[in-house]
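My notes follow in the order I looked things up.

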Amino acid sequence: MTECRVTIYNEFVHEQRNPEVGKLYPKGIHGAIGEYLVAQGFLVRTATLEMEEHGLTRDVLDATDVLIWWGHVAHHKVDDAVVDRIQSRILNGMGLIVLHSGHLSKIFRRMMGTSCGLCWREAAERERLWVVNPNHEITQGLGRYIELPNAEMYGEQFDVPEPDELLFISWFEGGEVFRSGAVWHRGRGRIFYFRPGHETYPIFYNQDILRVIANGVRWAKFRGNTETCGIEVCPNITEPLEAIEDKGVAFAEIEHPQ
Ligand code: ZN
């Protein structure tokens with residue numbers, strides 16, 4: 001496997017405030033996901049809200065192929081300048097994986113351009129995530145579905161743009177359904193939203209869930225062409241490839257923003 005550098009951002013608030021969550025994730029949600037990804041051969045770095053620039057400095061982002069995001073109660077504390085920087089890196093090819101309550105993070109809403117709202121219920125109900133795209137790189141190694149005995153319910157309408165590809169649809173014991181795994185392309189960047197991961201359940205120890213996250217990292221790593229123009233720039237192509245016939249039309253002197 002070629003080297004893949006992953007940065008896991010976790011706001012890391014519940015684990016320190018709520019003893020139940022702290023017991024479940026003694027090294028934090030980022031620690032649980034990180035241990036699995038290290039064992040899979042990824043180069044892993046972690047970042048938390050309280051770190052300088054939330055651990056997401058320009059140097060860190062420049063050395064990140066895929067950023068994983070988990071947040072819940074502290075979305076509003078994430079600095080807008082850091083969000084701008086992450087958006088720019090995504091447009092230039094960094095992958096983004098957004099987990100669970102990260103649906104309301106500033107960066108996910110920025111990249112989607114919609115409210116990313118949904119409905120929810122906390123009743124430890126059974127969830128079955130049906131694989132609706134078994135040929136996708138992200139769903140490899142799974143059966144027809146993943147079953148979680150206890151989960152927080154997320155229900156439709158999930159206010160996101162129509163996904164480029166839909167991978168999972170969840171069914172919940174209480175009757176709701178939800179598009180729980182979907183991908184989008186933005187600029188050169190690949191974005192994967194994956195729903196499971198409520199902090200009071202041991203979901204980030206589930207081998208199927210971890211496998212999907214690892215598959216997601218492999219999928220989201222950029223493998224496109226950086227020589228193309230048009231990402232965050234609008235170059236003026238004054239020299240055409242072919243000679244253009246002089247039409248005798250005068251052009252106004254217009255300043256074009258760069
Ligand atoms: Zn939750």
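In which sense do S1 and S2 pair, and over how many bridges? I found them parallel, with six bridges between S1 and S2. I keep in mind throughout that this is a predicted model.

**Entry 1: the sheet around S1**

I then checked how covered S1 is, and five of its six residues are buried.

**Entry 2**

I traced the strand order next. The sheet is open and has nine strands, in the order S2-S1-S3-S4-S9-S8-S7-S5-S6, with mixed pairing. S2 and S6 (residues 145-155) are the edge strands; each has a single partner strand, so one side of each has no neighbour in the sheet. On average, neighbouring strands are turned by 25° against each other, with direction ignored.

Further along the order I looked at S4 (residues 95-99) and S9 (residues 189-194), which run parallel and are joined by four bridges. The bridge partner of Leu99 in S9 is Phe194.

**Entry 2: overall figures**

Of its 258 residues, 40% count as buried. The C-alpha trace spans about 75 × 40 × 35 Å along its principal axes. I also took the contacts between residues at least 6 apart in sequence: 70% of them join residues at least 24 apart.

**Entry 3: helix H3**

H3 covers residues 28-39, which is twelve residues. From first to last C-alpha the helix reaches 17 Å, close to the 16 Å expected at 1.5 Å a residue. I listed its buried residues: Gly28, Ile29, His30, Ala32, Ile33, Gly34 and Leu37.

What covers these buried residues of H3? The cover includes the strands S1 (5-10), S2 (43-48) and S3 (66-70), together with the helices H1 (14-17) and H7 (207-220). After H3 comes Gly41, with a positive phi near 95°.

H7 lies across S1, S3, S4, S6 and S9, and runs at about 165° to S9. I then looked up the largest nonpolar core, which has 63 residues. Those with the most contacts inside this core are Ile68, Trp69, Leu96, Ile97 and Val217. H7 gives the most to the core, with seven residues. As general background, nonpolar side chains tend to be buried together in soluble globular proteins.

Which residues does Val217 touch, leaving aside neighbours within four places in sequence? I found Val217 in contact with Cys4, Val6, Leu37, Phe42, Val66 and Ile97.

**Entry 4: Lys23**

Is Lys23 buried or exposed? Lys23 has 9 other C-beta atoms within 10 Å, so it counts as exposed; the cut-off for exposed is 12 or fewer. Its place is in helix H2 (residues 19-24). I also took one C-alpha separation: Lys23 and Thr200 are 177 residues apart along the chain, and their C-alpha atoms are separated by 9.7 Å.

Glu53 is not a glycine, yet its phi is positive, about 55°. Glu53 sits in the loop between S2 and helix H4 (58-62). With 15 C-beta neighbours inside 10 Å, Glu53 counts as partly exposed.

Cys116 is also not a glycine and has a positive phi, about 60°. I located Cys116 in the loop between helix H6 (106-112) and strand S5 (119-131). Cys116 counts as buried, because it has 20 C-beta neighbours inside 10 Å and the cut-off for buried is 20 or more.

Which peptide bond did I note as cis? The bond from Glu156 to Gln157 is cis, with omega near 10°. Gln157 lies in the loop between S6 and strand S7 (165-172).

Conventions: Residues are numbered from 1 along each chain as its sequence is written. This is a predicted model: local features need pLDDT of at least 70, side-chain atom pairs count only at pLDDT 80 or more; totals for chains, interfaces and linings use all residues. The expected span of a helix is 1.5 Å times one less than its number of residues. Two residues are in contact if their C-beta atoms, placed from the backbone, lie within 7 Å. Two strands pair if DSSP finds at least two bridges between them. Axes are lines fitted to C-alpha atoms, for helices over the stretch in contact, and angles run from 0 to 180 degrees between N-to-C directions. A nonpolar core is a set of buried Ala, Val, Leu, Ile, Met, Phe, Trp, Tyr and Cys residues joined through C-beta atoms within 7 Å.
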